[in-house]
Amino acid sequence: MDYLQTTKVDKVTLKDRFNPSFENNGTLHLTATHLIFINPAVNPELWLSYSHIATVEKQQISIKGAPLKIVCKDFRVLNFVFYKERDCQDVYVSLQNLTKPVNYAELHAFTYEPPGSKWPRSDGWNIFEFEAEMTRLEVPSDLWRKTDINKDYKLCPTYPEVLYVPATATEETLTGSASFRSRGRLPVLTYYHKYNKTALCRSSQPLTGMRGRSVDDEQLLQAVIQSNPKSPVMYIVDTRPKINAMANKAAGKGYENLDNYPNVLYRFRGIQNIHVMRESLQKLSEVIENPALNAGEFFDSLDSSSWLKHIRSVIDTSRFIALAMLMDNASVLCHCSDGWDRTAQTCALASLFLDPYYRTIKGYQILIEKDWLAFGHKFNCRCGLLRRENREVSPVFTQFIDCTWQIMQQFPFAFEFNEQFLLTIHDHVYSCQFGNFLGNCQQDRRKESLSEKTYSLWGYMCKQLATYLNPYYDPNFNADKRGIIIPLINPQCIRFWSGMYNRHAFAHSKSETIEDRATRIYADNKKLEKEISAISEEIALLENKSAEGQVNGSICENPEDEDENSNLQLNHDLKTMDSSTTEIDVQQATEIVDSNTLSEFEQLAVQDSISDGNEVKNTEMTKDVNYTISDEA
Ligand SMILES: O=P(O)(O)O[C@@H]1[C@H](O)[C@H](OP(=O)(O)O)[C@@H](O)[C@H](O)[C@H]1O
């Protein structure tokens, strides 16, 4: 490893911004893949994958030594102080080289071997197949068809090989439409709501320019409309601010000219581009890192970062898509400029609102496989996994994980998984320990043979599913409304996620958060309930046995059965155990559910739109529905 100027440095201090008096002195080791800091008096050792490092900065030397600041992609900030300036320089140069790998082979995934019992490298690599997911969604073959037009990625290099399109669309129409869409990313199906036959399609922007048009593209959208027997219209949800879409026109792209797209309702949604999001996260990081802020200053700075405003705009757009499909029975085409950032966020979230399957552990992984990995979100570029162009880095996936967490706060019973599940996925996008997120599209991953050469994160996670289970989960949540959830988007409903952005700040603090405590108590109660019911069954069995014994005059006299008697006593104690805590929690839980279900109006609307007859009167629905969306967003 010629990158390493040094492999071991003694007399290093790891400062704690939030506890300056805490002297953490130890030894720093640099290996091929990790920085390790060891202080025998502190457990556990600190292990940091080079892939997790965002920036390394040498700071002003002081009488205390030579400081080195490391900012991580999981929002951890490490301030080391070296006794010798030379050591600081050697570590700085080493990290500068080690954190900017040039090619995949340098990444940890190609050397990682799971600790303990080995499991097959293939575990978790084949959880997603497009056809299987479309079959699960019950996509009707008379309305939609699978096409192999993208075999070997020859039509669109960044799309998956398997695509689903309207059954009436010809291959010529598809080819013509692809040539009229940015990077060939033509409108194709990503989610199907079988209850009212509405479709969610996704694409990139059209190459309209000042007056361009494509009859093929127009015919393809008419075919989308005709694939939905429930409505004569469809929506195009352009996730961008209108002004950005207009700016793209000058570059020969832009948005659909509705004169050429009859029966289409157009909505601009105002989600900002990757550059604005990168700057917003930079401001958020500065707020997180600053221990000197008091509460008021913290929230003022958080506001000025606009991070929560952007999170809200992504959720709001996804909610609009779900409501348009649900209440207007209209199919939707969602796009942005390239159709791999904001489109991935909003299509995935809208699907998560409409289909409870995506709120299970496996379903959420399938959702990421479909709308993020298969449809070509550029993980390499956006997460800076290889030597990167800073202009391409942006927290698009972090925002999606944050949005998911926001929805979990509103619907704590609707998700099979917990916060730790989201944090694990987020952190392993950056760790490069597994192959799932390497590359920018499906074609890249196949070229690198990642499923043969690396382990899958899903394979790793399924070995410890209990870690990721949400004890509040109710698989039948909102069952009478088919599990559909429509989140609230009032600003006060969007919260700062300290479990993501501040989790390392108080890492050594022993205090348990309220949420953790409630989760623990609730999980304990669940466990006790299970034990009580198991014991009750045992008691019933024993009572039956002893009744039989009395009838046959053969009551067991031998001392071995004393255990059974003591069990009976124990069981009796447990059975009469004060279950007030369980009752309170169940009562509390019921209150939470009541406050989290749809508002009266939305419940009515949702019931109407998915009523058995499914005969929704569009005009009434649209007329009644206040989407609170302005075209000029
Ligand atoms: O929309 P713009 O202002 O042109 O900005 C573009 C969007 O952010 C694109 O992401 P998208 O997939 O969300 O459109 C991104 O891929 C491009 O690099 C950006 O230039």
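## A pairing inside the sheet

Arg 202 sits across from Cys 334 of E14. This is a predicted model, so read everything below as a description of a prediction. The two strands around that pair are E11, covering residues 198–203, and E14, covering residues 331–335; they run parallel and are joined by 4 bridges. As a reminder, strands of a sheet pair through backbone hydrogen bonds, either parallel or antiparallel.

Zooming out, E11 and E14 belong to an open sheet of 5 strands with mixed pairing, and the order across it is E10-E11-E14-E12-E13. At the edges you'll find strand E10 (188–193) and strand E13 (264–268), each of which pairs on one side only. Ignoring direction, neighbouring strands here are turned by 20° against each other on average. Which helix lies across E10, E11, E12, E13 and E14? That would be helix H8, residues 307–327, and its direction is at about 175° to strand E12 (234–238).

UniProt, in an unreviewed entry, lists residues 124–501 as "domain: Myotubularin phosphatase". Along that stretch the chain is 43% helix and 9% strand.

Where does Cys 336 sit? Look in the loop between E14 and helix H9 (342–354). Is Cys 336 buried or exposed? It counts as buried, because its relative accessibility is 2% and the cut-off for buried is under 20%. Setting aside neighbours within four places in sequence, Cys 336 has quite a list of contacts: Ser 203, Ser 204, Gln 205, Asp 238, Thr 239, Arg 240, Arg 342 and Thr 343.

## Around the ligand

There are 13 residues around the ligand, and the ones that come nearest are Ser 337, Asp 338, Trp 340, Asp 341 and Arg 342. Arg 342 also turns up among the contacts of Cys 336.

Some polar side-chain atoms lie by oxygen atoms of the ligand. For Asp 338 the distance from such an atom to a ligand oxygen is 2.7 Å. Asn 273 has a polar side-chain atom 3.0 Å from an oxygen atom of the ligand, and for Arg 382 the corresponding distance is 3.0 Å.

## Asp 371, tucked into H10

Next stop is helix H10 (residues 361–374), where Asp 371 has its place. Asp 371 has a relative accessible area of 0%, so it is buried. What does the side chain of Asp 371 make a polar contact with? Its partner is the side chain of Thr 190, at 2.7 Å.

Not counting residues up to four places away in sequence, Asp 371 touches Thr 190, Arg 202, Ala 344, Cys 347, Ala 348 and Ser 351.

Most residues other than glycine have a negative phi, and most peptide bonds are trans. A few spots in this model go the other way. Phe 75 has a positive phi, near 70°, and lies in the loop between strand E6 (66–72) and strand E7 (77–82). With 10% relative accessibility, Phe 75 counts as buried.

Lys 197 has a positive phi too, near 60°. You'll find Lys 197 in the loop between E10 and E11. Its relative accessible area is 32%, so Lys 197 is partly exposed. Then there's the peptide bond from Asn 43 to Pro 44, which is cis with omega near -15°.

## The loop between E3 and E4

Pro 44 belongs to the loop between strand E3 (34–38) and strand E4 (46–49). Val 42 lies in the loop between E3 and E4 as well. At 25% relative accessibility, Val 42 counts as partly exposed.

How many residues apart in sequence are Val 42 and Asn 25? They are separated by 17 residues in sequence, with 9.4 Å between their C-alpha atoms in space. Leaving out neighbours within four places in sequence, Val 42 is in contact with Phe 22 and Asn 24.

Conventions
Residues numbered from 1 in each chain as written. Predicted model: local features only at pLDDT ≥ 70, side-chain atom pairs only at ≥ 80, totals over all residues. Heavy atoms only, no water. Buried < 20%, exposed > 50% of the residue type's maximum accessible area, 1.4 Å probe, protein only. Polar contact = N/O pair within 3.5 Å; in protein donor to acceptor, adjacent residues only side chain to side chain. Contact = heavy atoms within 4.5 Å. Pairing = 2+ DSSP bridges. Axes fitted to C-alpha atoms, helices over the stretch in contact; angles between N-to-C directions. UniProt positions renumbered as here; feature names shortened; annotations may be inferred. Near = heavy atom within 4 Å.
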